[in-house]
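Here are a few notes to read with the model open beside you. Tell me if anything looks off.

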Amino acid sequence: MNNRKKKLDDNPPLSPDAPTCETHPVHLVDRVSSSKTQILPTTKAQQMAEFFAVLADPNRLRLLSALASQELCVCDLAALTKMTQSAVSHQLRLLKAMRLVSYRREGRNVYYGLADRHIIHLYRCAAEHLDESNERSLFGSPP
């Protein structure tokens, strides 16, 4: 217990001009009360984190980019991405589980596409954002 108290006492004091909650109580009340309706519920935040975790893989993003313009079968996706058919199937299984891709059967062939317009919109917005960021960094423009 004494070690913990000692560690707390070892922290340097805050600068006198550092903002504290006491400095802006009116703003905090306004901001906190208006933000309460905007903050995500924990369950929704968890779902979104899982959704974005699936998108955090470069191979999955490459598959989504290939499917952004047309439906393709596993062998076509494997050829485009230079992945094995087994690896493509594994990634598609994860994308299907998160409802990012859908499929349809045509005889013995299965064709995959993006699940809906939201996925296409999300993909294109992310790509556009990165293009803008890259363009700014090339020309030295501030963010």
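How many residues sit between β2 and β3 in the hairpin, and which residue in the turn has a positive phi?

1. Ground rules. This is a predicted model, where local features need pLDDT of at least 70 and side-chain atom pairs count only at pLDDT 80 or more, while totals for chains, interfaces and linings use all residues. Numbering runs from 1 along each chain as its sequence is written, and side-chain values use heavy atoms, with hydrogens and water left out.

2. The hairpin. To answer the opening question, two residues separate β2 and β3, and Gly107 in the turn has a positive phi of about 65°. β2 covers residues 101–106 and β3 residues 109–114, and they pair in the antiparallel sense over six bridges. Across from Arg105 you'll find Val110 in β3. (Strands are DSSP runs of E, at least two residues, and helices are runs of H or I, at least four, numbered from the N terminus; two strands pair if DSSP finds at least two bridges between them.)

3. Salt bridges. There are two in the structure, counted when a side-chain nitrogen of Lys or Arg is within 4 Å of a carboxyl oxygen of Asp or Glu. Arg104 pairs with Glu71, closest N and O atoms 2.7 Å apart. Arg104 lies in β2 and Glu71 in the loop between α4 (58–67) and β1 (72–73), so this pair ties together parts that are 33 residues apart in sequence. Arg104 also bridges to Glu106, at 2.9 Å between the closest N and O atoms. Shared partners join Glu71, Arg104 and Glu106 into one network.

4. How covered are they? Relative accessible area is 33% for Arg104, 37% for Glu71 and 44% for Glu106. Each counts as partly exposed, because that class falls between buried (under 20%) and exposed (over 50%), using a 1.4 Å probe and protein chains only.

5. Thr81. Look in helix α5 (residues 74–81) for this one. Thr81 is buried, at 6% relative accessible area. A polar atom of the Thr81 side chain lies 2.7 Å from the backbone oxygen of Leu77. Leaving aside residues up to four places away in sequence, Thr81 touches Arg62, Leu63 and Val88 (contact means heavy atoms within 4.5 Å).

6. The nonpolar patch. Leu40, Met48, Phe52 and Leu122 make a surface patch of about 320 Å². Patch members have over 30% relative accessible area and no salt bridge, with nonpolar side chains joined within 5 Å and like charges within 9 Å; areas come from the Shrake-Rupley method with a 1.4 Å probe. Leu122, in helix α7 (residues 117–139), is partly exposed at 31%.

Terms used:
A polar contact is a pair of N or O atoms within 3.5 Å; within protein, one must be able to donate a hydrogen and the other to accept it, and residues adjacent in sequence count only if both atoms are side-chain atoms.
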